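Please look through the model shown here together with its sequence, and then follow the account below, which goes from the overall fold to single residues.

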Amino acid sequence: MTISPVALALIGIGATVLGAVLAMFSTLISTRMTQRATRDRESDFKVWERRADAIEEAHRKMLALGNARDLAWQRREVPTNLSPQGFDSGHQDEHFRLVVTKLMLYTTEELVEAYQASNAAFLKSIIAIQMLQLALAETGGSQASGRQHINLRAPVAAQAVKDSQAADERLAAALRESALLGLAPERQRR
């Protein structure tokens, strides 16, 4: 059997078309895979950005409340910029709810619990400091019964401040841990 020049030309053209079709499919597949990988990376990055934003907000709020608590304890006086609503244990300001929502969406349940515990401990410490402030204001330090009232309030306030500081430390550790969850293992600091 001999192959005619026309058949040989058709085989060559068929091989060329087949090669072009295979190249086109491989290009389409690789382009699709690249686009999907890029989209997934961008999506992961957006989630990480939101997680980082929530972590930063929680940290800023923790530092601000901690500074207010420490200043109040140092002066034995609650700052006037803290609203009376802040002393209502059922009250949650808008910023608190926003931070909790972000933490719930983008971080771990442990971090949300640590944040809520830190805020609750802060509230208890501020109330204890306020009670000490009232005892100091009522007595003026002159009466023996007033002194006894102050002596009862001071250790309670001191313990509440210590508990609040410990809750802040637990929150800071949970914030660091949550921040490291989003990093690739080679980027995590040890």
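Two residues are in contact when heavy atoms of theirs lie within 4.5 Å. Among contacts in the protein between residues at least 6 apart in sequence, 76% join residues that are at least 24 apart. The model is a predicted one, in which local features need a pLDDT of at least 70 and side-chain atom pairs count only at pLDDT 80 or more, while totals for chains, interfaces and linings use all residues. Residues are numbered from 1 along each chain as its sequence is written, and side-chain values use heavy atoms, with hydrogens and water left out.

The protein holds four helices and zero strands, where helices (H or I, at least four residues) and strands (E, at least two) are DSSP runs numbered from the N terminus. The order of the elements from the N terminus is accordingly written α-α-α-α. Helix α1 has 71 residues and spans 104 Å from its first C-alpha to its last, close to the 105 Å expected at 1.5 Å a residue; the expected span is 1.5 Å times one less than the number of residues in the helix.

Of the 190 residues in the protein, 27% are buried, a term that stands for under 20% relative accessible area, with exposed meaning over 50% and partly exposed in between (1.4 Å probe, protein chains only). The accessible surface of the protein comes to about 13,100 Å², and 58% of that surface belongs to carbon and sulfur atoms; such areas come from the Shrake-Rupley method with a 1.4 Å probe, and for residues only the protein chains shown count as cover.

What lies inside can be described through nonpolar cores, that is, sets of buried Ala, Val, Leu, Ile, Met, Phe, Trp, Tyr and Cys residues joined through side-chain atoms within 4.5 Å. The largest such core has 16 residues, and those with the most contacts inside it are Ala-58, Leu-103, Leu-111, Tyr-115, Leu-171 and Leu-175. At least two residues of this core come from each of α1 (5–75), α2 (94–106), α3 (109–139) and α4 (144–181). Leaving out residues up to four places away in sequence, Leu-171 touches Met-62, Leu-111, Ala-114, Tyr-115 and Ser-118. A second, separate core has seven residues, including Leu-65, Val-78, Phe-122 and Ile-129.

Which aromatic rings pair with each other? One aromatic pair is found in a search of the whole structure, with rings of Phe, Tyr and Trp (its six-membered ring) taken to pair if their centres lie within 6.5 Å, and with planes under 30 degrees apart counted as stacked, over 60 as edge-to-face and the rest as tilted. The rings of Phe-96 and Tyr-115 have centres 5.5 Å apart and planes at 15 degrees, so this pair is stacked. Because Phe-96 lies in helix α2 and Tyr-115 in helix α3, the pair ties together parts that are 19 residues apart in sequence. Glu-57, in helix α1, is buried with a relative accessible area of 8%, and, apart from its neighbours within four places in sequence, Glu-57 is in contact with His-95, Leu-98, Val-99 and Lys-102. Ser-125 lies in helix α3 and counts as buried at 0% relative accessibility.

In the loop between α1 and α2 sits Arg-76, which is partly exposed, with a relative accessible area of 32%. Its phi is near 60 degrees, a positive value in a residue other than glycine.
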